[in-house]
Amino acid sequence: MRELLNPMSKQFSEYLRDETRIVGWSEGICFPTSEHEIISVLKYLFDHDIAITVQGARTSLNAAAVPFGGYIVNLSKMNRILGMRRDAQGGFRLRMQPGCTLRAIQRDLTSKNFSSNAWDQQSLDAYAEYKKASPHFFPPDPTETSATIGGMVSCNASGAKGYYYGPTRKWITALRLVLTNGETVAIRRGETLATGRNISFYTEQGRRIDCYLPGYDMPHSKSTAGYYIEDNVDLIDLVIGSDGTLGVISEVEVMLFPVPETIWGVACFFRDEEKVVEFVMRSREQLDRMASLEFFDGNSLNILRRQKEESTAFAKLPYLDQRFAALCSLELHCPDEETALDQLLLLGRLLEQCGGKESDTWVARNESDLQQLVFLRHAVPESVNMMIDHKRKQGLDIIKLNTDMSVPNHHLGQMMTMYKRMLAEFGLEYAIWGHIGENNLHVNIIPRNKAEYDQGKRLFEYWAGEITKMGGAVCSEHGAGKLKAHLLRIMYGDAAVEEMRGLKTAFDPKGLAGVGNIIANTPGDESNENNCMHQTGTL
Amino acid sequence: MAKIIIDAANCQGCALCIDSCATHAISISNGLAQVNMDLCVLCSICRDSCPFSAITLSEPETAADCSPAEGVLVFTEQHQGKLLSVAFELLGIGRVLADKKQSALIAVLFGASSRENAGELVAAGADRVLIITDSRFDHGIEADFTHPLYDIIEREKPEIVLIGATDFGRALAPWLAARLRTGLTADCTGLDIDQQTGLLQQTRPAFGGNLMAQIVCPKHRPQMATVRPKVMTESAMDYTRQGRIIELAPPSSIDITMEILQTLAVQKQAGISDAEIIVSAGKGIGSAKNLVYVHEFADLIGAEVGVSRPLVDMGWSEYSCQIGQTGSTVAPRLLIACGISGAIQHLAGISRAETIIAINSDPDAPIFSIAHYKVVGDCIEILQELIKNYKSAGRKEWQKL
Amino acid sequence: MKIIVCIKPVPSSNEVRLDPQNGTIIREGRESVINPFDEGALEQAIKLKETLGGEIVTVSMGIPDTARLLKDTLARGADQAFLFSDRRFAGADTLATAYTLSLGIKRLGDFDLIICGKMSIDGDTAQIGPELAQMLGIAYCCNISEVVDVGTTHIQCRRITDGRTQLVRLPLPALVTVGKRYDMLRFPSISGVRQSLAIPVENRNALDLQTDLDRIGLNGSPTRVIRTFVPQRAHGSTEIVGDANKQAEDICRIVDGVR
């Protein structure tokens, strides 16, 4: 047991931060390689009242993986795919440890090449069948493919294809949870449902746990804002998106989906950004094979243009005509080429009707071109990160300010107008991009000084209120973590947050897991924010 | 017409050949492999992949020129009056082949300083050296060389012609091969004489170096090959060797088909091809921003930075840093490969490195099969440690060799 | 201006592995794509057409599936596409391929410029360009990086040869091969795709081209591949173990030793 725990030292310093670049602190770290080891560690820490922060690949964008005290439980060494099986409908399922990265999962699925030496016979049989079947994939596609499945489940991650395929939640069929006291819960979708807002379940050790669920209703748009709560909710959905606050996920079973025969990508450029909203509305109605719809505003395109000039890393970006003021990039997933062609020509007509141009498009119909489009899409957030890093090197202590809010379909235009009007009012440097198909746009503010940083945060809080009034969600795909936890107070109110605390307490009576995630400290107690900003100096 | 023949007696219907076919021409029917000749491109890889030797390529007789040919002719390239080292590599292998065929080794050299250099070629093993002394040939225009070289080959009727696979050589040789209507094998890394047939066996990489092909030119003469530089061993110089130097008349006129208007400053930057120490990066470094660690470490130890092809394709780095089949061939004393899996087209570019330290998180990465030192770990983590080590220990920053 | 661009289909990936159990060769990347160097060639042609006007004809010698790739070139900016396809063309080495292409091109009428990719990523020979130029009796230049100027009688390009960059001048008609992929082939637009639907890929077989049967396909190939194999490397190596810190120390020692 002692060998598992490593006191914190310089060697582990990188584990004190995640993708937000916020740096925390902790007493130590462990890297369990099995559920058994997780249980040993948790029991020990429980007995000593030590808080835990669970980590996968630390790609979190909300400091969920940043520790502020206690021990880090890092699951990156639990990266084996444990088995495969077929379900009653003939679909394929994969069972895996929480530290498997999305990249490795996709790679093994595409190459049909798994490390199967320790698999049981049922898995080997399913594997043999998979080799003969058409290739499958795991649909949730957050941009950062080094994310682990455990992390994706914890924040209910989604990517561009969430528009068609849904978020991670939709694809999880079973999971195993280790509670902070070392007990285990085996959860399979459909087996344990709440009755109204009460749910009861048993640990594998025979203890019964009863929970009262919060009374709030979730927003009518893409959401990872707090716990997933509804009448008769499935237990598995409570755990999915819980940001490491209910325990440690030690195993996950996922559903796979056959790769569509024909995948085409189309980048549609607009010379007038105002035309985009109508295009989005119409294409959602008319293009039934559209799998994703992404947006990049004029500032994003300018960032790409600058990067192409200035940075070797982006020299391979295609040339962007100066007249292009906005971009909508979409994918068509079709059963065959004829369907794809029909959709493409329909898209062309739609564009012309909405004030776009058929000739202002880039059509990707093969792997290499599709990858070019992916490279283009990823270059924007990459560039903004590089710009922030550059400013930090120059001594400005900031982190990226980004929003992750969404609204119901009919409020899309209103939301966008509000963002742009107010950003212009305060003269802030920004870029907006995101999953416009799901009305989930990320406003990224690049603050030039502390005053602008503070102004940005105030804007976010104001928007949180307005978005809530529109029936939207303040966290849509990144999870609330620590950074956005205070927005949940705005969205649901303090009483609801206390109800969330009650739910958490049923799982974690000592309040050791994921302290500060989702459940922000009470207003007036600035320690949550201070915790986050602790190592960032001026803030 | 040629076709693929499946021997029903040997074919087990195992279907392994299906995976080897790039054009999906093979299927299994009634337990036997079948080839759809509308799809087959006769690449013959299925033949080489069948474990039961059930696949053969049938060929009809080809009419060919069977007039006698003898001798190994080597075109030696010079630049600004200096012979290139590949010329001596060609003479090295040329001598071996000529000895096996018990025939003469003939060197050909054009240029204003041919007379001064001819003796070197004799010392390197040439029995005869045919020179044309004329400054016309010092401009490096392939088109100027084509006709005079063709005339020599027609006259001498060598059995084998070798040309260095420099850019110049690879532009010159195919024109000649087309004119001579003979076979040319590009960028050979291995040459030998087959004991039984007496044919030149030419080995070269294909598919970006992932596959090696052994090629012969059975009925056409001369058998031509361009030879990859820095692979063959230079001949040992023996200044006591005797050989004839024959001066040929310069061609009366040369059709001007290419003029060089300007030669821009020759890239005298320390390129990776000549670097003594190289730190190279592959996809395993994770992202473009991590290249900064590679560069920092390289600067600390006075090394050049190279990359594998995917990094150039993804726009993380420049083509000038690319090592491998379609990039530069390097022969450093030390190569530290970070996050490079070792796809064979990359290995083709580094096989002559004296010492290779490979760092990769995948213990089964192919690069470990040629690395002298295997380091399994996170290359970025290790690079960061290396940088710390070099900075803290106050090791002096090395100048690039 | 009439520009001909030669296109070769290649497998989408060069990955080749040996099945460890039975030693068979397994090819990955089974869909054909346009040889990346030829993409660069086509992009050069489209740029020239944008500035100088004229037409682009893409040609290829290949199996029927290659028509799909030629159709795609029509969506990206080519005006006509020809596929030289015949069972008897199979097995061709570079000489036989160049011969077939030369006959096909001769039937296209007068042209100003042929642009080829420097080499294919599967054959890697870089021989077709010069061989084709010889058979057509035209000037040629390999490994150009840029077309600088095109007049009525001459073309000026930058080429790279053995580390030197040169500005060269060739009389038209000429053939150039494009080396470094400076410019990615542009995407087709939806309007390009729409336009290409109406343009057929023209097929020509051995009879149409009146080829000499002794000079095409395997028949017409002086070279023969007698064996292909996946290169094996047997090499012992020393493993440096330990945590990152220890590994770095050991590496430093080796580096210092080499110096």
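## Salt bridges and chains in a predicted model

Let's start with a pair of charged residues: Arg76(C) makes a salt bridge with Asp369(A), and their closest N and O atoms are 2.7 Å apart. This one runs between chains, from helix H2 (residues 66–76) of chain C, where Arg76(C) sits, to helix H10 (residues 367–393) of chain A, which holds Asp369(A). Arg76(C) and Asp369(A) are both buried.

A few ground rules before going on. This is a predicted model, where local features need pLDDT of at least 70 and side-chain atom pairs count only at pLDDT 80 or more, while totals for chains, interfaces and linings use all residues. Residues are numbered from 1 along each chain as its sequence is written, chains are lettered from A and ligands numbered from 1 in the order in which they are written, and side-chain values use heavy atoms, with hydrogens and water left out.

Now the terms. A salt bridge here is a side-chain nitrogen of Lys or Arg within 4 Å of a carboxyl oxygen of Asp or Glu. Buried means under 20% relative accessible area, exposed means over 50%, and partly exposed is in between (1.4 Å probe, protein chains only). Helices (H or I, at least four residues) and strands (E, at least two) are DSSP runs, numbered from the N terminus.

### More salt bridges

By that rule, there are 66 salt bridges over all chains. Side chains of opposite charge can pair when their charged atoms come close.

| Pair | Closest N and O atoms |
|---|---|
| Arg136(B) and Asp134(B) | 3.0 Å |
| Glu385(B) and Lys388(B) | 3.3 Å |

Glu385(B) is buried, with a relative accessible area of 14%, and Lys388(B) is partly exposed at 39% relative accessibility. Glu385(B) and Lys388(B) share helix H9 (residues 379–392) of chain B, where they lie three residues apart, about one turn of the helix.

### Chain B as a whole

Chain B has nine helices and 22 strands, and 57% of its 401 residues count as buried. Its C-alpha trace spans about 70 × 70 × 40 Å along the principal axes. An automatic or database domain assignment supplies the bounds: domain 1 (3–58), domain 2 (72–247) and domain 3 (272–400) of chain B. The centres of domain 1 and domain 3 of chain B, taken over C-alpha atoms, are 41 Å apart. Among contacts (heavy atoms within 4.5 Å) in chain B with a separation of 6 or more, 63% join residues 24 or more positions apart.

### Where chains A and B meet

How many residues does each chain bring to the contact? Chain A gives 10 residues and chain B gives 11 residues. Across this interface, the rule finds zero salt bridges between chain A and chain B.

### A spot in chain A

Leu5(A) lies in strand S1 (residues 5–7) of chain A, and at 13% relative accessibility it counts as buried. Leaving out residues up to four places away in sequence, Leu5(A) touches Ile29(A), Cys30(A), Val41(A), Tyr44(A) and Tyr71(A). Leu5(A) and Ile72(A) are 67 residues apart in sequence, yet 9.4 Å apart in space, C-alpha to C-alpha.
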